Amino acid sequence: MGFRLLIALTFAAAVMTAADAPPSVATKHSFADDQVFVEYCISCGYANNFHEVRKYLETNYPHLIGRVTGGNAAPPAWKAVVATISGYLQMAGFVFLLAGEHIISALNLSMDNPIFAKIRENKFAAFTVLLLLSSVSSSMSATGAFEVYFNSYANNYREVSRYLEANYPHLIGRISGANALPPAWKQQLASFLGYVQMAGFALLLAGEHILGALGLPLDMPLFVQMRENKFAAFAGIMILGSISQSMLATGAFEVYFNDDLIYSKIRMNRWPTMSELLELFQAAGLRRP
């Protein structure tokens, strides 16, 4: 009940804010233009929350029927790749744990394979590691997001594009957008930190086997520290992911008309209003044909 009341109050406040806006903005507001977008984390189990919000809004605000949409807040690409790889490794691990002898025999491999021998001798430990892989996969896919937007610029590019194409038909198919990439050194640093995080997880979960396969000593200072302080090592690896993500964020919403920059969120440090953008487009020479 409290959750629904919070949504209702928030939505009412948003409508009142739109109604109280300056005349140049308020005259452009119409209930027919209202829309709600919810970006939520599927891995966190927030899909039911989204459906509850949508059902409540469409029941109490009939003009929003069909206008409440949502989607998964996807993690960065490298995290999605790690999550996928971890899932496949977990499935392969469980199959190997349950039927390893039959698989090795079918592949004509030696039964005294060091990895299989370790798994067979420490089945409980192997099972625990496989469960940890599931946690790693889930943590890589989870963003913790549940972002509710009402007539805002969360869908900034789509909203501007839809408005311009509706009012200036000659622009249909001529409005394009793209991700504003950070400087090259930030991209490289983000990629490097992503690889370090993946290597860290691998070393934390199967360091002994990896070092053994590479012929490296198990008493390496870094590995010893990680093995003795697993919780701290795990926290440090997760922080690397946050740093990597922050390296890719630019905060950009740069609007160009005929290759001329007419609005820069980076310079202005705020979002533009739709009426402000319209004035800027007209000042730059946009006219109805």
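1. Start with an exposed loop residue. At 75% relative accessibility, Asp259 counts as exposed. Asp259 sits in the loop that links S4 and S5. Its phi is near 70 degrees, which is a positive value in a residue other than glycine. Keep in mind throughout that this is a predicted model.

2. Asn258 belongs to that loop too, between strand S4 (254-257) and strand S5 (260-264). Is Asn258 buried or exposed? Asn258 counts as exposed, at 61% relative accessibility; the cut-off for exposed is over 50%. Phi of Asn258 is also positive, near 50 degrees, and Asn258 is a residue other than glycine.

3. Now the chain as a whole. The chain has twelve helices and five strands. Of its 289 residues, 29% count as buried. Take the contacts between residues at least 6 apart in sequence: 67% of them join residues at least 24 apart.

4. Helix H4 (residues 77-106) and helix H6 (residues 123-141) pack against each other. Their axes come within 8 Å and cross at roughly 155 degrees. Angles over 145 degrees count as roughly antiparallel, and H4 and H6 are therefore roughly antiparallel to each other. The crossing of H4 and H6 is left-handed. On the H4 side, the contact is made by Trp78, Lys79, Val82, Ala83, Ser86, Gly87, Leu89, Gln90, Gly93, Phe94 and Leu97. On the H6 side, the residues are Lys123, Ala126, Phe127, Leu130, Leu131, Leu133, Ser134, Val136, Ser137, Met140 and Ser141. By class, the contact of H4 with H6 has 13 nonpolar, seven polar and two charged residues.

5. H4 also meets helix H5 (residues 114-121). The axes of H4 and H5 come within 10 Å and cross at roughly 140 degrees. That makes H4 oblique to H5. The handedness of this crossing is left-handed. From H4, the residues in contact are Phe96, Leu97, Gly100, Glu101 and Ile104. From H5, they are Phe116, Ile119 and Arg120. The residues of this contact divide into five nonpolar, one polar and two charged. Leu97 of H4 is listed in the contact with H5 and in the contact with H6.

6. Next, helix H8 (residues 184-213) and helix H10 (230-248). How do H8 and H10 run relative to each other, parallel or antiparallel? The axes cross at roughly 160 degrees and come within 8 Å. H8 and H10 are therefore roughly antiparallel to each other. The crossing of H8 and H10 is left-handed. H8 contributes Lys186, Gln187, Leu189, Ala190, Leu193, Gly194, Val196, Gln197, Gly200, Phe201 and Leu204. H10 contributes Lys230, Ala233, Phe234, Ile237, Met238, Leu240, Gly241, Ile243, Ser244, Met247 and Leu248. The residues of the contact of H8 with H10 divide into 14 nonpolar, six polar and two charged.

7. Gln197 is buried, with a relative accessible area of 1%; buried means under 20%. Which residues does Gln197 contact, leaving aside its neighbours within four places in sequence? They are Trp78, Met140, Ile237, Met238, Leu240 and Gly241. Among these, Ile237, Met238, Leu240 and Gly241 are in H10. Trp78 belongs to H4, and Met140 belongs to H6.

8. Helix H9 (residues 221-228) has a buried side. Its buried residues are Phe223, Val224 and Met226. They cover an arc of only 165 degrees around the axis, which puts them on the same side of H9. On the other side of H9, Pro221, Leu222 and Glu228 are exposed. What covers the buried residues of H9 includes H8 and H10.

9. Last, a residue towards the end of the numbering. Gly285 lies in the segment after helix H12 (274-283). Gly285 is partly exposed, at a relative accessible area of 42%. That value falls between the cut-offs of 20% and 50%. The C-alpha atoms of Gly285 and Phe257 are separated by 8.8 Å, and the two residues are 28 residues apart along the chain.

Key. Residues are numbered from 1 along each chain as its sequence is written. This is a predicted model: local features need pLDDT of at least 70, side-chain atom pairs count only at pLDDT 80 or more; totals for chains, interfaces and linings use all residues. Side-chain values use heavy atoms; hydrogens and water are left out. Helices (H or I, at least four residues) and strands (E, at least two) are DSSP runs, numbered from the N terminus. Buried means under 20% relative accessible area, exposed over 50%, partly exposed in between (1.4 Å probe, protein chains only). Contact means heavy atoms within 4.5 Å. Axes are lines fitted to C-alpha atoms, for helices over the stretch in contact, and angles run from 0 to 180 degrees between N-to-C directions. Angles under 35 degrees count as roughly parallel, over 145 as roughly antiparallel, 65 to 115 as roughly perpendicular and the rest as oblique. A crossing is left-handed if the near helix is turned anticlockwise from the far one by less than a right angle, and right-handed if clockwise. Ala, Val, Leu, Ile, Met, Phe, Trp, Tyr, Cys and Pro count as nonpolar, Asp, Glu, Lys and Arg as charged, and the others, Gly among them, as polar. The arc is that of the directions from the helix axis to the C-beta atoms.
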